[in-house]
Amino acid sequence: YEPGDDPRKLRPGEIDPNPESKPARPDPVDMDEDEKEMLSEARARLANTRGKKAKRKAREKQLEEARRLASLQKRRELKAAGIEVRKRKRKRRGIDYNAEIPFEKRPPPGFYDVTDEEDRPADQPKFPTTVEELEGERRIDKEARLRRQDIAKNKIAECQDAPAAIMQANKLNDPETVRKRSKLMLPPPQISDHELEEIAKMGYASDLLAGNE
């Protein structure tokens, strides 16, 4: 910080060219409780150079060392007592990439006959070259192909037995065979025949009265 760059000497409207070089102000004494708590947490966070992960790693390392020393002491005591303990080799599940080649296929022993290898044609893998081969047959093309097959079958059937083919075509095109009509189901009548006759008689009587008047 240079005294010549004092921001208090800036003219109105000018921007401080180097704002981060201002002198640090001391923390105010009359702070709120939450501000003091936040400041103490920040100080503790900055002071904690070794976090939780480093502490956990150190504790795990210490436990591993203690376990190793305990097993070594146990083996020594058993050996001194005359009991020989063989260290069993732990069988690892899966592939041990350090000891073996994964998915190795060993060649058969002996020599391979290569006399007629030059005359043998090389098997060239066939890759799809067109869009139709890559994506498969489209639905429109499939329907057109099936339609053409049906027409060809009908022509062959007509040539062999024309009347039977015509009868079969008529049977397929007949709407009655395609959709069978169900029986007409009506709800039961709300007015009986006797009531209808009574209503008709009443109407006839009212017409006669109107005619007499």
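Colleague: What makes Glu64 and Arg67 about one turn of the helix apart?

Modeller: In this predicted model, both lie in helix α2, 3 residues apart.

Colleague: Why is the contact between Glu64 and Arg67 called a salt bridge?

Modeller: The N to O distance is 2.8 Å. The cut-off is within 4 Å, so the Glu64 and Arg67 pair counts as a salt bridge.

Colleague: Why is Glu64 called partly exposed?

Modeller: Its relative accessible area is 48%. Buried means under 20% and exposed means over 50%. Glu64 therefore falls in between.

Colleague: How do you know that Arg56 forms a salt bridge with Glu60?

Modeller: Their closest N and O atoms are 3.9 Å apart. That is within 4 Å, so the pair counts. Arg56 and Glu60 are separated by about one helical turn because they are 4 residues apart in helix α2 (residues 52-80).

Colleague: Which accessibility class does Arg138 fall in, and which does Asp141?

Modeller: Arg138 has 52% relative accessibility, which is over 50%, so Arg138 counts as exposed. Asp141 has 30%, so Asp141 is partly exposed. Their side chains meet in a salt bridge at 3.3 Å, N to O.

Colleague: Why does Glu33 count as exposed?

Modeller: Glu33 has 63% relative accessibility, and the cut-off is over 50%, so Glu33 is exposed. Glu33 sits in helix α1 (residues 33-47).

Colleague: What makes the patch that includes Glu33 negative?

Modeller: The patch is formed by Asp30, Asp32, Glu33, Asp34, Glu35, Glu37 and Glu41. Asp and Glu count as negative, so the patch is called negative.

Note on methods
Residues numbered from 1 in each chain as written. Predicted model: local features only at pLDDT ≥ 70, side-chain atom pairs only at ≥ 80, totals over all residues. Heavy atoms only, no water. Patch = residues over 30% accessible without salt bridge, like charges linked within 9 Å, V, L, I, M, F, W, Y side chains within 5 Å. Areas by Shrake-Rupley, 256 points an atom, 1.4 Å probe, with all protein chains shown as cover. Charge placed at Lys NZ, Arg CZ, Asp CG, Glu CD. Helix = DSSP H or I, 4+ residues; strand = E, 2+ residues; numbered from the N terminus. Buried < 20%, exposed > 50% of the residue type's maximum accessible area, 1.4 Å probe, protein only.
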